[in-house]
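Trainee: Hi! I have a new structure open and could use a hand finding my way around. Can we go through it together?
Mentor: Happy to, let's take a look.
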Amino acid sequence: MAQDAAASSDATPRSPLPGERTVSRYVSLAEARPIECNGCGDCCDSRRTGGYWTWGDLPADQYAAMYGGPPLIIPIEPIEGGEWRDRARTELDGATLSGTRFRCAAFDSALDDASGSCRLHDGERLARCGEFPVWGDAIERELRDHSKVPLQIGAFPRCSLHDIIVVRDDDLRRM
Ligand code: SF4
Ligand code: SF4
């Protein structure tokens with residue numbers, strides 16, 4: 001999960017070193033929403049985060065109707081040699097906190113590519129896909145209840161919203 005990074009005390013700005021965490025940026029929701037997804041795909045396939053990012057509440061049909069017949073979200077499991085293989089859905093995958101490692105059949109990319117595309121992007125998409133990470137009502141409610149909302153993108157250093165923290169419009173940390 002996204003966390004606050006320690007602010008640098010250096011007076012002279014410099015570029016981050018490879019692998020170094022950058023300082024979090026505080027932005028309003030209106031400022032965060034125009035930041036475009038760069039299509040890195042790290043939130044579309046568990047393999048791209050070494051199995052960290054998972055799917056919960058996977059229905060029995062695996063959203064097949066939305067994908068025109070075949071399953072859209074496919075559970076996967078690690079095998080020897082750092083590889084992954086598809087596996088059948090089980091009842092456990094239907095639990096909200098199942099932690100199902102998955103791949104999405106609609107994501108077009110080689111695993112080592114830095115970007116890809118969603119074949120459903122311009123049509124009907126799952127609500128959770130369209131809302132991640134700054135769209136939908138949930139983040140608006142969370143912002144009303146809390147003064148800041150760290151986005152769930154700490155595992156995605158390539159995400160265009162990485163290290164962003166959404167705060168209310170009148171929050172002085174935006175300045
Ligand atoms: S439907 Fe599109 S946005 Fe959702 S997981 Fe699949 S590729 Fe990603
Ligand atoms: S991790 Fe961020 S930039 Fe990458 S596909 Fe997901 S929303 Fe887009």
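Mentor: One term before we start: a residue is near a molecule if its C-beta atom, placed from the backbone, lies within 6 Å of it. Also keep in mind that this is a predicted model.

Trainee: Got it. Which residues are around ligand 1?

Mentor: Around ligand 1 you'll find Cys44, Cys104, Ala106, Phe107, Cys118, Leu120, Arg125, Leu126 and Cys129.

Trainee: OK, on to ligand 2. How many residues surround it, and which are the closest?
Mentor: Ligand 2 is surrounded by 13 residues, with Cys37, Cys40, Cys43, Phe156 and Cys159 the closest. Its shell splits into eight nonpolar, four polar and one charged.

Trainee: Which domains does the shell around ligand 2 draw on?
Mentor: Domain 1 (1-35 + 134-175) and domain 2 (40-120) each give at least three residues to the shell around ligand 2.

Trainee: Switching topic: what's the order of the strands in the open sheet?
Mentor: The order is 3-2-4, three strands with antiparallel pairing. Strand 3 (84-86) and strand 4 (102-104) are at the edges with a single partner strand each, so each has one side without a neighbour in the sheet. On average, neighbouring strands here are turned by 40° against each other, direction ignored.

Trainee: How many bridges join strand 2 to strand 3?
Mentor: Three bridges join strand 2 (residues 73-78) to strand 3, and the two run antiparallel. To pick out a pair, Ile76 has Asp86 in strand 3 as its bridge partner.

Definitions and conventions:
Residues are numbered from 1 along each chain as its sequence is written. Chains are lettered from A and ligands numbered from 1 in the order in which they are written. This is a predicted model: local features need pLDDT of at least 70, side-chain atom pairs count only at pLDDT 80 or more; totals for chains, interfaces and linings use all residues. Two strands pair if DSSP finds at least two bridges between them. Helices (H or I, at least four residues) and strands (E, at least two) are DSSP runs, numbered from the N terminus. Axes are lines fitted to C-alpha atoms, for helices over the stretch in contact, and angles run from 0 to 180 degrees between N-to-C directions. Ala, Val, Leu, Ile, Met, Phe, Trp, Tyr, Cys and Pro count as nonpolar, Asp, Glu, Lys and Arg as charged, and the others, Gly among them, as polar. Domain bounds come from an automatic or database domain assignment.
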